[in-house]
Amino acid sequence: MIFSADIEDWQQSVLDFKNPITRRVLASTYKLLAILDDHQVKGTFFVQGMVTEKFPDLIKEIANCGHELASHSYSHEYIFDMSAKQFDKELETSVLPIEDLTGQKVIGFRAPKFSIREDMLDWYCETLQKYGIKYDSSVFPMQVKVQGYGFSDTNIVDVFKNKGIDEYPMTIADVRGKKIPVMGGGYFRLYPYWLTKSLSRNNINEDSVFYMHPYELDPDEQRQVSKTYTIPTRLKLTQFLGRASQEKKLHRLLSDYACTSFKDKYYTE
Ligand SMILES: [Zn+2]
């Protein structure tokens, strides 16, 4: 399975784009690095440009640990609300700083909140290629109407291929014809681990994609952030539940499934 993490700071990327990046992203990302090190796993880290700008040493440390660095945009704002020109700027300010800091060529991209749609894929793929991006991992292969993301087109990977980009969608389990997301984000955090295991039977293979955020390893964030900001109820209900057990679940996952990065799996010369 592919292990991927989106490196962002919850208070800025989820609560309010206008908030500054805080030091919480440092603590939680170092925690994630330590967990991966315990299992000798190298993964792909999709890093937001604002995080690179604020904490360049963190990015160097991720690279020193042997993980792949990729881009998760600069601002974390929705790509489908941007013009091609704005998206170009997002790549310029997220891809180039990683390359300057680490000497690694960035070849992967993940859109914030899976915010891509079919009608924008021409300029999207063209701009990715301009920055030397070979692959994208932003497709949620089922429509999630409440969140406003996802594709129902089952040929979406071919659509990307025809536009010159390899696409690796998130993982969906097929349970008696019903599509159920598994192995990522809130789904992994909210499901008990036995449910993840059970949904994964017959649905997970070495090409499946697992994704998470370091802040999901930060159980104290809600209490701390509440001192400064009012957290909307919809976020309270979905964003914090399960954080306390995330570390334990992650250890189990990494023991049960062999994981690697996109680069090590598909792009070694
Ligand atoms: Zn994100």
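For the contact list below, I counted two residues as touching when their C-beta atoms, placed from the backbone, lie within 7 Å. I kept in mind that this is a predicted model.

**Entry 1: Y74.** I began with Y74, which sits in the loop between β3 (68–71) and α5. What does Y74 touch, leaving out residues up to four places away in sequence? I found Q48, G49, M50, E90, T93 and S94.

**Entry 2: α4 and α5.** I then turned to helix α4 (residues 56–64) and helix α5 (residues 84–102), whose axes come within 10 Å and cross at roughly 65°. That makes the two helices, α4 and α5, roughly perpendicular to each other. The crossing of α4 past α5 is right-handed. On the α4 side I listed P56, I59, K60 and A63, which meet I98, L101 and T102 of α5. Sorted by class, this contact has five nonpolar residues, one polar and one charged.

**Entry 3: the whole chain.** Stepping back, I counted 13 helices and nine strands in the chain. A compact globule of 269 residues would have a radius of gyration near 18 Å, and the chain agrees with its 17 Å. I noted that 42% of the 269 residues count as buried. Of the contacts with a separation of 6 or more, 77% come from residues 24 or more positions apart.

Notes. Residues numbered from 1 in each chain as written. Predicted model: local features only at pLDDT ≥ 70, side-chain atom pairs only at ≥ 80, totals over all residues. Axes fitted to C-alpha atoms, helices over the stretch in contact; angles between N-to-C directions. Helix = DSSP H or I, 4+ residues; strand = E, 2+ residues; numbered from the N terminus. Parallel < 35°, antiparallel > 145°, perpendicular 65-115°, else oblique. Left-handed = near helix turned anticlockwise from the far one by under 90°. Nonpolar A, V, L, I, M, F, W, Y, C, P; charged D, E, K, R; others polar. Rg over C-alpha atoms; globule rule 2.2 N^0.38 Å. Buried ≥ 20, exposed ≤ 12 C-beta atoms within 10 Å, placed from the backbone.
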